[in-house]
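Have the structure open while you read.

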Amino acid sequence: MSVPAQSSPVAPARPGRSARPTRSALRDRPFRLTVPPVSGMLRPRLVLTGVLVGVGAFALFCWGLALGDYPVSLPDVVKALFGVGDPGTLVVVRDLRLPRALTGLLVGVAFGVSGAVFQTMTRNPLASPDMIGLTEGAGTAVVAAVVLGWAGGLGLSTVGLLGALATALLVYALAWKGGATGYRIILVGIGVSWICTSATDFLVARGNRFQAEEALGWLVGNLNGRTWGQVDSLAIALAVLLPVTLGLGRWMRTLQLGDDVAAGLGTPVQPVRLALLLTGVGLVAFGTAAAGPVAFVALACPQIALRLAGTPAPPPLVSGLTGAFVVLGSDLLAREAVPGTELPVGIVTGALGAPVLLWLLVRANRAGSGG
């Protein structure tokens, strides 16, 4: 005769455990679809973080359109974005202020995604276009064009784009030794960065007063006087490069496991790394061409997004939204911090990003990877 199993007593729920359902609701869950045949990992926390950061960036975007000598209410700003409102408000919002706000939004996305690409590719939180010489190379090219007259009829934006691309190819070529590892890219990039910085300082010292002022106004990162030309070129670049970056996401995740493991899983390591390098360079080059080298956005925003989303590597899309939030918020501070004066946005991002760099260096040293 079988004896029925006795059920263990159920402990009463404690008041302090009420947060468990919320935590479990945000846990990653695998999914698999029959049609189309797709499987993966659903990350509710990542999606929620992206939505919240995107909403915050849009709020700052509208707030920036509302401020100015001709103040506009937020409801009127939203209406004007859809072409509704009186003619004066439409001219102020859509024609005068919208190019600057859109440039800040797109530049933040470009720098944030580019930083996520470089930090994932090199498996180093300190790897960003600021640290490996790309923005410095663009700055050197622009200053040379201003001081030496090397523009050849090209605009400063185009010269900056060519400078960033040439610097990236130089770093990759010097880092190549039977392949280009992330560690060598960082070391070579830091050396090239200081060479470009020294060349820029020499050119600024050589130029006259007006040339130096023109060059420095671009070097600090600036959203003043942006036009639809910068918006159009940057929007087209993002429309092409952002889908490519997201399409390379699966291989980016395998590179996190190391080159040998990634190759064992079928990842073509060197072609993928070169594709990621060119994609990241394209993003930062077009962003730098539109607004100058806005400091520390590509370095700090992927690390902020990583901690908000709770992912093992910087998520590209959330990093881009975080970059937009930081650039738009810094632009508001730059416009309102000193009454009667509009500071370049790069000054504010530099002041906010420097503590993040110090914090990352301290963490790297504590982990035994900072030297």
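Does Arg-100 count as buried or exposed? Arg-100 counts as buried, because its relative accessibility is 13%; buried means under 20% relative accessible area, exposed over 50%, and partly exposed in between, with a 1.4 Å probe and protein chains only. Before going on, note that this is a predicted model, where local features need pLDDT of at least 70, side-chain atom pairs count only at pLDDT 80 or more, and totals for chains, interfaces and linings use all residues. Residues are numbered from 1 along each chain as its sequence is written, and side-chain values use heavy atoms, with hydrogens and water left out.

**The salt bridges**

A salt bridge here is a side-chain nitrogen of Lys or Arg within 4 Å of a carboxyl oxygen of Asp or Glu. By that rule, the count is 3 salt bridges.

| Pair | Closest N to O |
|---|---|
| Arg-100 and Glu-342 | 2.9 Å |
| Asp-331 and Arg-335 | 3.9 Å |

Arg-100 sits in helix H4 (residues 87-122) and Asp-331 in helix H14 (residues 316-336), 231 residues apart. Helices are DSSP runs (H or I, at least four residues), numbered from the N terminus. Glu-342 is in the loop between H14 and H15, so its pairing with Arg-100 ties together parts that are 242 residues apart in sequence. Asp-331 and Arg-335 both belong to helix H14, 4 residues apart, or about one turn of the helix.

As for burial, Asp-331 has 5% relative accessibility and counts as buried. Arg-335 is buried too, at 16%, while Glu-342 is partly exposed at 42%. Through shared partners, salt bridges join Arg-100, Asp-331, Arg-335 and Glu-342 into one network.

**A buried arginine without a salt bridge**

Arg-226, in the loop between H8 and helix H9 (228-247), is buried yet has no salt bridge. The nearest side chain of opposite charge is Asp-331, 9.4 Å away. The side chain of Arg-226 does reach the backbone oxygen of Asn-224 at 3.1 Å, and one of its polar atoms lies 2.6 Å from the backbone oxygen of Ala-290.

**The second largest pocket**

Now for the second largest pocket, with a volume of about 560 Å³. Of its 21 lining residues, the closest to the centre are Asp-130, Thr-135, Glu-136, Thr-197 and Leu-219. A pocket is an open set of points on a 1 Å grid over the protein atoms alone, where a 1.4 Å probe fits, with protein on both sides within 12 Å along at least five of seven lines; lining residues have an atom within 4 Å of a point. The volume is the space filled by probe spheres set on the points. H7 gives the largest share of the lining, 8 residues.

Technical notes. Helices (H or I, at least four residues) and strands (E, at least two) are DSSP runs, numbered from the N terminus. Lys and Arg count as positive and Asp and Glu as negative; His and the chain ends are not counted. A polar contact is a pair of N or O atoms within 3.5 Å; within protein, one must be able to donate a hydrogen and the other to accept it, and residues adjacent in sequence count only if both atoms are side-chain atoms.
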